[in-house]
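Hi,

Here is the model I promised to pass on.

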Amino acid sequence: MRRTITAGNWKMNMDHVEGVSLAKDIVAGLEGRDPACEVVLIPPFTTLPAVVEAVDGSRIETGAQDLWYEEKGAFTGEISAGMILGLGCRYVLVGHSERRHVIGEGADILAKKLRAALSGDLFPIYCVGETLDERENGMATTVVTEQIRQILEGLSGDEMGRTVIAYEPVWAIGTGKTATPDDAGTMHAVIRSVLAEIFGAPVAGETPILYGGSVKPGNAAELLAMEDIDGALVGGASLDAKSFLGIVFPA
Ligand code: PEP
């Protein structure tokens, strides 16, 4: 059976004091309950060590929002896969739309980051998604297919087996607009069929494909009910324990 994951991307929010408080509230909210999904918290780098400590002994996993692709050296401001793994984190985001569209990362760098994450024994969460313009011009499927092929082709089946995909339409991130369950489900099915062409049906069938884009407690259940949606990557709603837990346990 495929893994399902609810991951909270805190972005550049929550300093180490606020982050510990939020993490502890989430740990408390999970106590005595058995979520159907893995729960992953993805704080900013400076908050990460404190959150790793705060969730120790709970079922919560942690991840980083980015990494650099070299192991060490003169890369001021960057951190490596080994540093993330060394903290006890398992996950790392690669290709989040804010890194693509605000910071300007392109396919070359993302391919290197994804491979560095895998060689560093992390589980990359590789984010893809079209802009509003691309959707309105009927390009959504082409763009997302290209983002998958460009970066993932060439991975071994074992490497793909450790990779998680997040489909996040750029126009839905932080905007309050959400893809309809049918539109999101259709894109997830497209992604799975592209993965099947590259890696074969068994690997594609095991790959968790998360949806991201204004997921909230009020819309999580209908999105997560879609066959090819295996969880959520949550931004804004992950900054509040009650709303994040409302997605972990969708009503
Ligand atoms: C995200 O940051 O990945 C995201 C989906 O943000 P939001 O839930 O706020 O749209």
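This is a predicted model: local features need pLDDT of at least 70, side-chain atom pairs count only at pLDDT 80 or more; totals for chains, interfaces and linings use all residues.

Residues are numbered from 1 along each chain as its sequence is written, and side-chain values use heavy atoms, with hydrogens and water left out.

Let's start inside. In soluble globular proteins, nonpolar side chains tend to be buried together. By nonpolar core I mean a set of buried Ala, Val, Leu, Ile, Met, Phe, Trp, Tyr and Cys residues joined through side-chain atoms within 4.5 Å. Buried is under 20% relative accessible area, exposed is over 50%, and partly exposed is in between (1.4 Å probe, protein chains only). The largest such core here has 47 residues, and Ile148, Leu152, Ile165, Ile191, Leu195 and Tyr211 have the most contacts inside it. Apart from it lies another core of 18 residues, including Met14, Leu41, Val55 and Phe244.

Leu152 is a handy one to click on. If you skip its neighbours within four places in sequence, Leu152 is in contact (heavy atoms within 4.5 Å) with Leu114, Arg115, Tyr126, Met160, Thr163, Ile165, Leu195 and Phe199.

Ser243 sits in helix 12, residues 241-248; helices (H or I, at least four residues) and strands (E, at least two) are DSSP runs numbered from the N terminus. Ser243 is buried, at 16% relative accessible area. Its side chain reaches the backbone oxygen of Ala237 at 2.6 Å. With neighbours within four places left aside, the contacts of Ser243 are Pro217 and Ala237.

Now the charges. Side chains of opposite charge can pair when their charged atoms come close. Counting a salt bridge as a side-chain nitrogen of Lys or Arg within 4 Å of a carboxyl oxygen of Asp or Glu, a search of the whole structure gives 14 of them.

Arg2 pairs with Asp230, with the closest N and O atoms 2.9 Å apart. Arg2 is in the segment before strand 1 (5-9) and Asp230 in the loop between helix 11 (217-224) and strand 8 (231-234), so this bridge ties together parts 228 residues apart in sequence. Arg2 is partly exposed at 22%, whereas Asp230 is buried at 4%.

Asp230 also forms a salt bridge with Arg192, at 2.8 Å between the closest N and O atoms. That pair links the loop to helix 9 (residues 181-199), where Arg192 is found, 38 residues apart. Arg192 is buried too, at 9% relative accessibility. Through shared partners, salt bridges join Arg2, Arg192, Asp228 and Asp230 into one network.

Elsewhere on the list, Glu105 and Lys113 form a salt bridge with their closest N and O atoms 2.6 Å apart. Glu105 is buried at 10%, and Lys113 is buried at 1%.

Finally, how many disulfides does the structure hold? Zero, taking a disulfide as a pair of cysteine sulfur atoms within 2.5 Å. The sulfur of Cys37 is 17 Å from the closest cysteine sulfur, in Cys127, which is too far for a bond. For Cys127, the closest cysteine sulfur is in Cys89 at 16 Å, again too far for a bond. Cys37 is buried at 11% relative accessibility, and Cys127 is buried at 2%.

Cheers

How values were computed: A polar contact is a pair of N or O atoms within 3.5 Å; within protein, one must be able to donate a hydrogen and the other to accept it, and residues adjacent in sequence count only if both atoms are side-chain atoms.
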